[in-house]
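Here are my notes on this one, as numbered points. Have a look at the structure first, then read on.

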Amino acid sequence: MKKISLGMKISLGFAVLIVMFVLLAGKAVWDMNRERVQISILADEHIPEVGVATELLGAVNRLMYEMRGYGFTEEQGFYDAALKELAIVEVSLEKARSLAAVATDLKKLKNRIEVVAGALDAYKDLSRQTLDITAKLDENRGVLETSSESYMANAAAFLSGQNEKLKRVISERQEKIKIVNQFVENGSAARVFNYKFRALGDEALMKNAVSTIDSISGLLPYLRSITRDKANLKHIDGTETAAQNYKDAMATFMLEHRKGRMADNRVLENLQTQMDEAAAIYVENCDAFLAAQQNKLSMDVLNNQVKATMVNEIIELGHEIRVSVYKSQALRDPQILRNALHGFSSMATSFESLKSITYDSDDFEKITAVQSISEVYRDTMIQCLENWLLLQDLGNRRSEAGKILIIACKTTADEGMQATQQIAGDAVRTISHMSRLMVIGLTGALLLGIVAAFFIIRSITAPVKHIVEGLSDGAGQVASASTQVSSASQSMAEGSSEQAATIEETASSMEQMASVTKNNAQNADRADRLMKDVNQVVNEANGSMERLSRSMEGIAKASEETSRIIKSIDEIAFQTNLLALNAAVEAARAGESGAGFAVVADEVRNLAMRAAEAAKNTATLIQGTAAQINEGAQQVITANNAFGKVSESTTKVGALVSEISHASKEQSNGIEQVNKAIAEMDRVVQQNAANAEESASAAEEMSAQAQQLRGHVEKLVILITARKEDRFLGADKKRTDKMISSPQLIDVADTRPYDEKKTVHRQKEIRPDQVIPFDDDFEAF
Amino acid sequence: MADGVKQMDQAVKQMTMKTGKYLTFTLEDETYGIGILKVKEIIGMMPITSVPQTPEFVKGVINLRGKVIPILDLRLKFSMEAVPYSERTCIIVVEILSDGATVLIGVVVDAVSEVLNIREDEIEETPRFGTRLNTEHILGMAKMEGGVKILLNIDQVLSTDEIASLGKV
């Protein structure tokens, strides 16, 4: 800590604070930036997402409401409104798509949009289907209406037709009965005339009877024309036949009767019986006809009544079904329609029973037509029911698709809201965290600043105090030292003049020394020249020795050559020996004939042996010579070495002598220089004396400066401590004053300077912190 | 043919007689002799081509004027210390009877001395060193002025199986 400069300390304190502030500010800026990004995502993506989802939700809700209205009322106005809403939904969806394409944070939105689009397509499709089916249902209703109308009209027509018919039938019957009654009357009249004739025998009566009978024949065709029943026709035929028979019988009877007495009684009686029988048949037939007519009349009426009841029943059923249809439509309950369908089975039974009692083909056709209309009605009703159920099913599916849409929109909106809440929460958390951090950081920085300020102030004031102390000490010491310097300078001046006298003496003795030295140098030169001559002689001797040794080497080489020749002679001898031996071998192998050759071989061998011997002797001799030559050469080498040593020694002696001569010269030169130096010294000593006096006056000047310095130090002390501190100044001042006031104590100065200097030096070493740059730091502080 | 028979007769006679000329040579300070008729030729040392997988004493083969001749060192054969060959070292080419055929074998000796004529009375029987010791390869001992010379039955010396097989090379 003490090695750091004051400026550095203060800068360090401020730097720590600045770093802390920068860190805090950086952290704050970083957090704010991050929040800004989050909030911009919130503003650009999540809030639009929620908006679009809500818009979509509203549009979808309205669309569903309109479609439901359409489903209930089937009014085109609702459907048109629904189409408008659909367009709005699609616009919203497009908005959502473009948002999803731009947004970075909305990953689920794209999938949701696909779901919504799919559901929307389904919904559209279903709506179209609804429209179609509604149209069909309308058509069905029209068919129902028209068929019910025609059903009722036909049924009513049938009923009125039946009544008309009944009336006609009754009048016909009455006419028939009237005619037949006429017949019966005529018949009765004819019988009466007949009986009268028989009683009276008046032919006029008989003729009356016949004409009476004949009168009916005029009515017969008419009766036939209005009678369709075969039994009745038979009765009519029977009546006619009976009438004819009666007429014929009466005619025959008349003829018989005219005969009078001549008339056969048996024939008459027979004819009478015939007449009675015919009359009986006639009456009988007429009676039967009448009875049948009566019977039929009552039956017709009854039948008609039954039919009317049935038709009424059918009409009733038709009404009931129609009412059910209206009711079901009014209540929007297909169950009623389904129940109404059961009425058709009873209607069918009614139709069947009606058909069973209807004989008139015209009527039958009418009934069939009504029935077919009823069947059409029923089919249409079934179709209508199916369509209705289909419509209901479509409605359900539509509402399901709508639900999917709404759920998708709602989840998107909810998620958007959640994301928004989360981001907002994050932002709030971050900002509160940031503000906490800022408060803590600022408090910490403040505390740190206070601590740093405290320590820096302390670290400045303490050394400054020390410095002031040191300075005041130093000032005193400088003053005393300057005094000592002045006294020392004076004594030095004296010493200098003494020195000058001594130097003159030295100069004279030096001159004597110089002449001796010159003599020495001359002698050494001569000796050197002589030694050089010796060296030359020795070198010559060396040359001849070398030549000698070279010739000795030549001799040795020649002897070697000779020994080589001898060796080859020896070899030749050996080879010859071998040849001789081979010859001996050959000679031996040749046996007796080779004996002479063997002797020759032996001789050759002997010669070879002798040659070898001679060679061996020569070799021995030559070896001896070589040995002696070698010895000579050795001697020469030894001599050579000795000469070499001599030459070396001579050279060394020469070198030494020349060195001595050189040294002597240098010495004389040196002495001259010493002389010059002494002259210089003399001059310098005199200069020194003058300088010493000057320095004495300078020392006095210095002590005055020291006083001034002390005054400055005092001011400094006052500045720092705000009061005058004698502690720093008192003792030294006294001491210095004493010293300045006694400049005459020059003899004491010889003992004192050493101690004083030492103490000054020591004090300097004790306080290295005095070196601290004083002015700048203090001002800065 | 007649010459051959005559030669053979002479050889047999000389072999049985032991009298005759002997070529003497030295091996480690001792002088040995071989019947001169067994000797074919004496030649100086020449480069020997060594043959693998042969006993130590077989040094190899040389080419003697177009003939390949096996060479063996008699020092090694007699289990003496091997010495480096000098300019005195010679090869004695001998004719050996092996399985009835004549083969040429070169024998390396320290030096060849001379051809000596030795009489019967100068030759003594091989002393019996003991029954176990095989002395078949020694013909006898020649008492001469310079000492005793050992006369070798070179056929016996070189009649071991190895040499027999060498002859077939």
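1. One bridge partner of note is B:Lys149 in β11(B), which pairs with B:Ala142, while B:Ile138 sits opposite B:Leu152. For pairing, the rule is at least two DSSP bridges between the strands; helices (H or I, at least four residues) and strands (E, at least two) are DSSP runs, numbered from the N terminus.

2. Housekeeping: this is a predicted model, with local features needing pLDDT of at least 70 and side-chain atom pairs counting only at pLDDT 80 or more, while totals for chains, interfaces and linings use all residues. Residues are numbered from 1 along each chain as its sequence is written, and chains are lettered from A and ligands numbered from 1 in the order in which they are written.

3. Angles here run from 0 to 180 degrees between N-to-C directions, and axes are lines fitted to C-alpha atoms, for helices over the stretch in contact. Over at the β9(B) end, β9(B) and β10(B) pair in the antiparallel sense over 2 bridges, with B:Ile123 opposite B:Ala142.

4. Chain B has another open sheet, of 5 strands, in the order β3-β6-β7-β5-β4, again with mixed pairing. Here β3 (39–44) and β4 (58–64) of chain B are the edge strands; each has a single partner strand, so one side of each is left without a neighbour in the sheet. On average, neighbouring strands in this sheet are turned by 35° against each other, direction ignored.

5. Where does the mixed pairing show up? Compare two pairs in that 5-stranded sheet. β5(B) (residues 67–73) and β7(B) (residues 101–109) run parallel, joined by 3 bridges; B:Leu72 stands opposite B:Val107, and B:Ile71 opposite B:Gly106. β6(B) and β7(B), on the other hand, run antiparallel with 9 bridges, and B:Leu97 has B:Thr102 as its bridge partner. The hairpin between β6(B) and β7(B) has 2 residues between the strands, and B:Asp99 takes a positive phi near 55° there.

6. Now the place where the chains meet. Helix α8 (residues 361–590) of chain A lies across β3 and β6 (90–98) of chain B, at about 175° to β3(B). The contact takes 14 residues from chain B and 10 residues from chain A, contact being C-beta atoms, placed from the backbone, within 7 Å. On the chain B side, β3(B) gives the largest share, 4 residues. By class, that side has 8 nonpolar, 2 polar and 4 charged residues. (Ala, Val, Leu, Ile, Met, Phe, Trp, Tyr, Cys and Pro count as nonpolar, Asp, Glu, Lys and Arg as charged, and the others, Gly among them, as polar.)

7. Within chain A, α8(A) also meets α7(A) (residues 334–357): their axes come within 10 Å and cross at roughly 165°. The two are therefore roughly antiparallel (over 145 degrees; under 35 is roughly parallel, 65 to 115 roughly perpendicular and the rest oblique). Residues of α7(A) in this contact include A:Leu337, A:Phe344 and A:Phe351, and those of α8(A) include A:Ile367, A:Met381 and A:Trp388. The class count is 14 nonpolar, 2 polar and 3 charged residues.

8. At the other end of the numbering, α1 (residues 6–73) and α2 (residues 76–102) of chain A pack at about 160°, axes 8 Å apart. They are therefore roughly antiparallel too. Their contact divides into 18 nonpolar, 3 polar and 6 charged residues.

9. Last, a length check. Helix α3(A) (residues 108–200) has 93 residues and should span 138 Å at 1.5 Å a residue; its end C-alpha atoms are 133 Å apart, which agrees. The expected span is 1.5 Å times one less than the number of residues. Just after α3(A), A:Gly201 takes a positive phi of about 75°.

Conventions: Two residues are in contact if their C-beta atoms, placed from the backbone, lie within 7 Å.
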